[in-house]
Amino acid sequence: MADEDTKEFFQKIIFTNEEILKLRILLYSLKIRALNAQILSANSGAFAASYGVVAAEIIHFNNKIQDVNEKLTKAITVVIRMASEMQKISKVNRLLHVSVETCRSRGVNLDHYKNIEYSLNNRNGEKEMLDLQLRKEFDDIRHIVRSSTKLCLEGRTVSLQTRIESATIVENQKLFLAVAESFDGALNIIETSYRYLSKLW
């Protein structure tokens with residue numbers, strides 16, 4: 001990662017973390033609603049039993065999205081650690097480079113700064129390897145985000161089932177419809193977040 005990319009990189013990290021936090025809060029409230037719907041369907045008798053199954057599907061989808069966010073958080077933690085190491089290497093490289101140039105300009109005997117030059121070459125090799133690893137981690141983040149966008153299609157199927165089930169229930173129908181609508185609204189926010197992250201990465 002070139003030094004000029006550092007600012008852009010950290011902006012990506014900040015924006016991604018903001019999206020993850022927003023989704024974490026949203027998923028928590030969605031899970032509570034789905035659990036309430038399960039309890040409500042259990043207490044509403046046999047005619048609402050199928051809604052309990054749909055509520056379980058919402059919880060299952062919710063858990064999948066939470067898993068994606070956990071993977072994303074872990075990947076970002078690794079990337080931050082690697083970027084920090086990269087910055088340290090860059091600073092040491094600059095100091096070593098200045099030392100070599102100073103020795104050359106002062107006409108110091110080559111043998112006196114051979115070790116510095118050797119260290120500089122080693123550090124450059126470390127930086128190149130770290131840069132390759134960092135690019136691989138970026139690819140992993142892109143893959144996680146893209147797979148989560150596809151996961152939202154599964155959420156759309158669950159959303160449709162939720163609406164159909166809500167329409168067939170007579171008792172407490174408003175409460176069941178509220179769960180369906182909140183899931184639909186949450187799904188829109190989740191999709192928007194992942195599309196944004198997909199463009200960001």
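Biologist: Which side chain does Glu154 meet in a salt bridge?

Modeller: This is a predicted model, where local features need pLDDT of at least 70, side-chain atom pairs count only at pLDDT 80 or more, and totals for chains, interfaces and linings use all residues. Residues are numbered from 1 along each chain as its sequence is written, and side-chain values use heavy atoms, with hydrogens and water left out. A salt bridge here is a side-chain nitrogen of Lys or Arg within 4 Å of a carboxyl oxygen of Asp or Glu. At 2.8 Å, N to O, the partner of Glu154 is Lys64.

Biologist: How many residues apart in sequence are the parts that Glu154 and Lys64 tie together?

Modeller: First the bridge itself: Glu154 and Lys64 meet through their side chains. Glu154 sits in helix α3 (residues 114-168) and Lys64 in helix α2, so the parts they tie together are separated in sequence by 90 residues. Helices are DSSP runs of H or I, at least four residues, and strands are runs of E, at least two, numbered from the N terminus.

Biologist: Is Glu191 buried or exposed?

Modeller: Buried means under 20% relative accessible area, exposed over 50%, and partly exposed in between (1.4 Å probe, protein chains only). Arg156, which bridges to Glu191 at 2.6 Å, N to O, is partly exposed at 27%. Glu191 has 12% relative accessibility, so the call is buried.

Biologist: What does Asn69 touch, leaving aside residues up to four places away in sequence?

Modeller: Asn69 belongs to helix α2 (residues 49-105) and, at 3% relative accessibility, counts as buried. Taking contact as heavy atoms within 4.5 Å, its partners are Ile20, Leu23, Leu27 and Tyr194.

Biologist: How far apart are the end C-alpha atoms of α2?

Modeller: The expected span of a helix is 1.5 Å times one less than its number of residues. For the 57 residues of α2 that should give 84 Å, and the model agrees, with its end C-alpha atoms separated by 84 Å.

Biologist: How far apart in space are Leu200 and Lys12, C-alpha to C-alpha?

Modeller: Leu200 is in helix α4 (residues 173-200), and it touches Lys12, Phe15 and Thr16, not counting residues up to four places away in sequence. Leu200 and Lys12 are 188 residues apart in sequence, yet the C-alpha separation is 6.7 Å.

Biologist: Last one: what radius of gyration does the protein have?

Modeller: There are four helices and zero strands, and the C-alpha trace spans about 90 × 20 × 20 Å along its principal axes. The radius of gyration is taken over C-alpha atoms, and the globule rule is 2.2 Å times the number of residues to the power 0.38. A compact globule of 201 residues would come out near 17 Å, but the protein has 26 Å.
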